[in-house]
Amino acid sequence: MAMSVSISAKHKAVECNACEALAKLLVSEEVSAKLRTNIIKLISLLGESPKGRAALMHVVPTLEEISEQGRFAPPDAEHAALLRAHAQRALAIITWTP
């Protein structure tokens with residue numbers, strides 16, 4: 001299922017510190033693998049706007065750890081691969097420069 005968020009909603013989310021909250025949840029040990037995947041999807045969506053990219057630059061090291069080293073990888077190999085793929089996509093979006 002594809003998610004879509006309007007540009008104005010992305011800007012409002014960034015202005016309301018949603019990026020900071022998502023960054024904290026991303027590294028929380030209490031978050032399930034499925035929720036962590038959804039957090040990364042939301043980070044990708046917010047990172048599509050210039051303000052979102054700027055606000056999310058501090059999560060790049062964590063996303064790199066997830067995509068390259070398998071940090072927070074669940075025991076299920078299929079879900080671990082999915083988590084890594086979403087982290088790689090989020091990295092590409094956030095670090096993209098127009």
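Serine 49 sits in the loop between H3 and helix H4 (50-56). With a relative accessible area of 1%, serine 49 is buried (buried is under 20% relative accessible area, exposed over 50%, partly exposed in between, with a 1.4 Å probe and protein chains only).

A word on what you're looking at: this is a predicted model, in which local features need pLDDT of at least 70 and side-chain atom pairs count only at pLDDT 80 or more, while totals for chains, interfaces and linings use all residues. Residues are numbered from 1 along each chain as its sequence is written, and side-chain values use heavy atoms, with hydrogens and water left out.

Zooming out, the protein chain has six helices and zero strands, so its elements read α-α-α-α-α-α from the N terminus on, where helices (H or I, at least four residues) and strands (E, at least two) are DSSP runs numbered from the N terminus. Of its 98 residues, 40% count as buried. Take the contacts (heavy atoms within 4.5 Å) between residues at least 6 apart in sequence: 63% of them join residues at least 24 apart.

Now for the helix pairs. Two packed helices are described by the angle between their axes and the distance between the axes. Axes here are lines fitted to C-alpha atoms, for helices over the stretch in contact, and angles run from 0 to 180 degrees between N-to-C directions. H2 and H3 pack at about 150°, with axes 10 Å apart. That makes H2 roughly antiparallel to H3 (angles under 35 degrees count as roughly parallel, over 145 as roughly antiparallel, 65 to 115 as roughly perpendicular and the rest as oblique). Residues of H2 that take part include Leu22, Leu25 and Leu26, and H3 brings Ile39, Ile40 and Ile43, among others.

H3 and H6 pack at about 20°, with axes 9 Å apart. H3 is therefore roughly parallel to H6. Among the residues that meet here are Ile40 and Ile43 in H3, and Ala87, Ala90 and Ile94 in H6.

Where does this lead? To the largest nonpolar core, which has 20 residues; Leu26, Ile40, Ile43, Val59 and Leu63 have the most contacts inside it. Such a core is a set of buried Ala, Val, Leu, Ile, Met, Phe, Trp, Tyr and Cys residues joined through side-chain atoms within 4.5 Å. Helices H2 (18-27), H3 (33-46), H5 and H6 (77-95) each give two or more residues to this core, and H6 gives the most, with five. Leaving aside neighbours within four places in sequence, leucine 63 is in contact with Leu26, Ile40, Ile43, Ala87, Ala90, Leu91 and Ile94.

Finally, another serine. Serine 67 lies in helix H5 (residues 60-69) and, at 7% relative accessibility, counts as buried. Its side chain reaches the backbone oxygen of glutamate 64 at 3.3 Å. Beyond its neighbours within four places in sequence, serine 67 is in contact with Arg84, Ala87, Gln88 and Leu91.

Methods
A polar contact is a pair of N or O atoms within 3.5 Å; within protein, one must be able to donate a hydrogen and the other to accept it, and residues adjacent in sequence count only if both atoms are side-chain atoms.
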